[in-house]
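Dear colleague,

Please find the structure below for your review. My notes on selected local features follow directly after it.

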Amino acid sequence: MSETKMMQIKLAERPTGLPDDNTFEIAEVDVPTPGTDEVLVRVEMVSLDPAMRGWLDDRPSYLPPVGIGQVMRALGVGTVVASNHADVAIGDRVAGGFGWQEYAPMMGKDLQPIPPSAPTELALGPLGMTGMTAYFGLLDVGEPKEGDTVLVSGAAGAVGSIVGQIAKIKGCRVVGIAGSDEKCAWLEKDLGFDAVINYKTTEDMYKAVKEACPKGVDVYFDNVGGPLLDVVLAQINLGARIAICGAISAYNATDPVPGPANYLSLLVNRGKMQGFIVFDYAPRYAAAVEEISGWIAEGKIQARYDVVEGLENAPKALLRLFDGSNSGKLLVRVAAV
Ligand SMILES: NC(=O)c1ccc[n+]([C@@H]2O[C@H](COP(=O)([O-])OP(=O)(O)OC[C@H]3O[C@@H](n4cnc5c(N)ncnc54)[C@H](OP(=O)(O)O)[C@@H]3O)[C@@H](O)[C@H]2O)c1
């Protein structure tokens, strides 16, 4: 390893609303030397995730906020270039919480191995946190049964597109809500969704959901929250399950977000609405990776990726998750391999 300096992107100040030019700062620092039981990872790609917006706020959550002056937290894939850990060798491909930096010093125990043949995009997409979220959120929280109507918001996104495909595998009627005609066409024509709704061009979402789900909604996989959740609550079936995966419509809100007015529909219909955090399912990831790998090999799961070149472009690229200009799993290439 010959490089002695590397780029890091740190949190400079907490944003109000959308992150802006002042939120992050780029620093050049020395490439660290790994300590006892540590390894040094050359980061190849990092994942951009909507949850990163929440990590910028100084409020209690499932993970502590990123501190001012700290490297921005991010999941990534890379290659070990130095190792003081008995079980990790130079050249190993690994995944972990590397952050927005070119080299990450990591405890050896905090790394997940990646098979040398697995494409990086796949390891951060359907076989990574994204795929795990879709798999456990749909199957464990949504509990779809054959013949159910499964409605997915954020359907053309990284998580939503896999949710819909798994629901098809399980024999459900799948309806997707997404923000462009191109995304809707991809869901219907390429992924086999039964019906789609472009929420940006639809005036009456209640009517559109009613038409797309004539037998009502049995499972709602919610990625966006907001007024759409109310629209869906008004159309759930007896015993419906609502999986609260995310609420991206509210992540940059500067005013208090109103709760769903139609929540008593859960009472009337004996429904359940349950949030979940993917990390709680970590002990079961290996089994999910095996099953999803099988579906990919059979051509039943497809994914598309939106790869931004250059770590310095990560702050601007993150905003694309919030204007919907990402097409599929949003990634940043930090280094060519
Ligand atoms: N619970 C967990 O453990 C967990 C883990 C991972 C992800 N998540 C959640 O899963 C959801 C999807 O994440 P992802 O990584 O797959 O991102 P993604 O769907 O690939 O990208 C975000 C998409 O959200 C849509 N969006 C943005 N603002 C919106 C708004 N105001 N109203 C409606 N849609 C909006 C955009 O698509 P359109 O063009 O369709 O608007 C955008 O492309 C997020 O809510 C995320 O927080 C949860």
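R270 counts as exposed, with a relative accessibility of 65%; here buried means under 20% relative accessible area, exposed over 50% and partly exposed in between, with a 1.4 Å probe and protein chains only. The residue is located in the loop between α8 (264-268) and β13 (272-275). Helices (H or I, at least four residues) and strands (E, at least two) are DSSP runs, numbered from the N terminus. Although R270 is not a glycine, its phi is positive, at about 50 degrees.

Please note that this is a predicted model, in which local features need pLDDT of at least 70 and side-chain atom pairs count only at pLDDT 80 or more, while totals for chains, interfaces and linings use all residues. Residues are numbered from 1 along each chain as its sequence is written, and side-chain values use heavy atoms, with hydrogens and water left out.

A positive phi is also found at D37, about 65 degrees, and D37 is not a glycine either. D37 belongs to the loop between β2 (24-30) and β3 (38-47). Its relative accessible area is 37%, so D37 is partly exposed.

Strand β13 contains K272, which is partly exposed because its relative accessible area is 26%. Leaving aside residues up to four places away in sequence, K272 touches D140, V141, E143, A240, R241, I242 and L266, where contact means heavy atoms within 4.5 Å. One of these partners, I242, is 30 residues from K272 along the chain, and the two C-alpha atoms are separated by 6.1 Å.

Turning to the helices, α3 (residues 129-142) and α4 (residues 158-169) have axes that come within 8 Å and cross at roughly 45 degrees. Axes are lines fitted to C-alpha atoms, for helices over the stretch in contact, and angles run from 0 to 180 degrees between N-to-C directions. The two helices are therefore oblique to each other; angles under 35 degrees count as roughly parallel, over 145 as roughly antiparallel, 65 to 115 as roughly perpendicular and the rest as oblique. On the α3 side, T130, G131, T133, A134, Y135, L138 and L139 meet A158, V159, I162, V163, I166 and A167 of α4. The residues of this contact comprise 10 nonpolar, 3 polar and no charged, with Ala, Val, Leu, Ile, Met, Phe, Trp, Tyr, Cys and Pro taken as nonpolar, Asp, Glu, Lys and Arg as charged, and the others, Gly among them, as polar.

Helix α4 is mostly covered, with 10 of its 12 residues buried. Its 12 residues should span 16 Å at 1.5 Å a residue, and the end C-alpha atoms are 17 Å apart, which agrees; the expected span is 1.5 Å times one less than the number of residues. After α4 comes G171, with a positive phi near 80 degrees.

Helix α3 also packs against α9, at an angle of about 95 degrees and with the axes 10 Å apart. This makes α3 roughly perpendicular to α9. G131, M132, Y135 and F136 of α3 form the contact with Y285, A288, V289, E291, I292 and W295 of α9. These residues divide into 8 nonpolar, 1 polar and 1 charged.

Finally, A303 lies in the loop between α9 (285-297) and β14 (305-309). A303 counts as partly exposed because its relative accessibility is 31%.

Yours sincerely
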